[in-house]
Amino acid sequence: MNEKILFFDIDGTLLGRNEYLPESAEEAIRKTRAKGNLCFICSGRSKAMLPQKLLKVGFDGIICGGGTYISFKDEVLVDHKLSASELSRLLDWFDGSDLGLFFEGDEYIHVLPLERYSDPTRLKLLLKELSGPLKEIRRDNLDELSVGKFSGMISPLQWDYAMKMADDISDFMTAIIHRRPNEAKFMAANTPLDTNSKEEKNSWAGYGFVEFLPNGFNKATAIKAVLGHLNLPLSSAYGFGDSENDREMLTWLPNSVCMGNGDENIKKIASYVAPPLLEDGIYKAMEHFGLV
């Protein structure tokens, strides 16, 4: 069997800033599918946050929400939801706090009423970047919600509280720390946000970024489920990523690619380090493995 199956992270791997998709990456995906290979999105983003421009490229399947949702063609293989009782436990930590976190689902990004946040303008800017429709999460609608995970930006002022929450909910959620806060950078940039500024990077100077996934779910467990469903060997699978939530995927897969713009610690575990995304990294990595 010569069929290969490719799993692509989105942010920093397929898409650059402002959701820029290099033409060479799109071309590589079209070419490898024309050869009979399968291509899957494999993202920490929830289904509601998947960019339409990327979906139009053409993929055979989707892993999203860090492995909490899996589909192949029109068939849904996994769709894990947090229960109302689990969501209630999470909201206990949000009461009386100002955690800039949001809950991710298949159809919506769920947020607390924006007036609950001390800096709602900053949160709205982040949510705008994520492209998904918004819906409020409240104590009285938890049974109606479809939420697989949650994540967000955390300032140095909130970090200790957020880590206490992570410890308390560790019986059912795992924290993935993408970036720790930097107090010096935060204090230097802690001025009112200019929403007309195009330099969005400065808006989040000093903030940390954390994802919270249900225990037992990650990209590697999802890929294992896909391979089992399709009866494909591990040797047929290729993973492309760049950051901390790709760690399990790139560690488990023998054919693993970290983008040249990726985290240094993730580069160490990949079997191949590609050029950066904006230097045709996807195409060149696929060419290296004979996939195009």
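**View 1. Ring pairs link Phe94, Phe103, Phe150 and Phe212 into a cluster.** This is a predicted model, in which local features need pLDDT of at least 70 and side-chain atom pairs count only at pLDDT 80 or more, whereas totals for chains, interfaces and linings use all residues. Residues are numbered from 1 along each chain as its sequence is written, and side-chain values use heavy atoms, with hydrogens and water left out. Rings of Phe, Tyr and Trp (its six-membered ring) pair if their centres lie within 6.5 Å, and planes under 30 degrees apart count as stacked, over 60 as edge-to-face and the rest as tilted. A search of the whole structure finds 11 aromatic pairs.

**View 2. Phe150 and Phe212 form a stacked aromatic pair.** The ring centres are 4.5 Å apart, with 5° between the planes. The pair links distant parts of the chain, since Phe150 belongs to strand β9 and Phe212 to strand β11 (residues 208-214), 62 residues apart. Both Phe150 and Phe212 are buried, a word that means under 20% relative accessible area, with exposed over 50% and partly exposed in between (1.4 Å probe, protein chains only).

**View 3. Eight strands form an open sheet with mixed pairing.** The order of the strands is β5-β4-β3-β2-β1-β12-β13-β14, where two strands pair if DSSP finds at least two bridges between them. At the edges stand β5 (75-79) and β14 (272-273), each with a single partner strand, so one side of each is left without a neighbour in the sheet. Strand β2 (residues 38-42) runs parallel to β3, joined to it by 3 bridges, and Ile41 has Ile62 in β3 as its bridge partner.

**View 4. Thr68 sits in the loop between β3 (61-64) and β4 (69-72).** Thr68 is buried, with a relative accessible area of 4%. A polar atom of the Thr68 side chain lies 3.0 Å from the backbone oxygen of Gly65. Leaving aside its neighbours within four places in sequence, Thr68 is in contact (heavy atoms within 4.5 Å) with Val78, Asp79, His80, Gly148, Pro214 and Phe217.

Key: Helices (H or I, at least four residues) and strands (E, at least two) are DSSP runs, numbered from the N terminus. A polar contact is a pair of N or O atoms within 3.5 Å; within protein, one must be able to donate a hydrogen and the other to accept it, and residues adjacent in sequence count only if both atoms are side-chain atoms.
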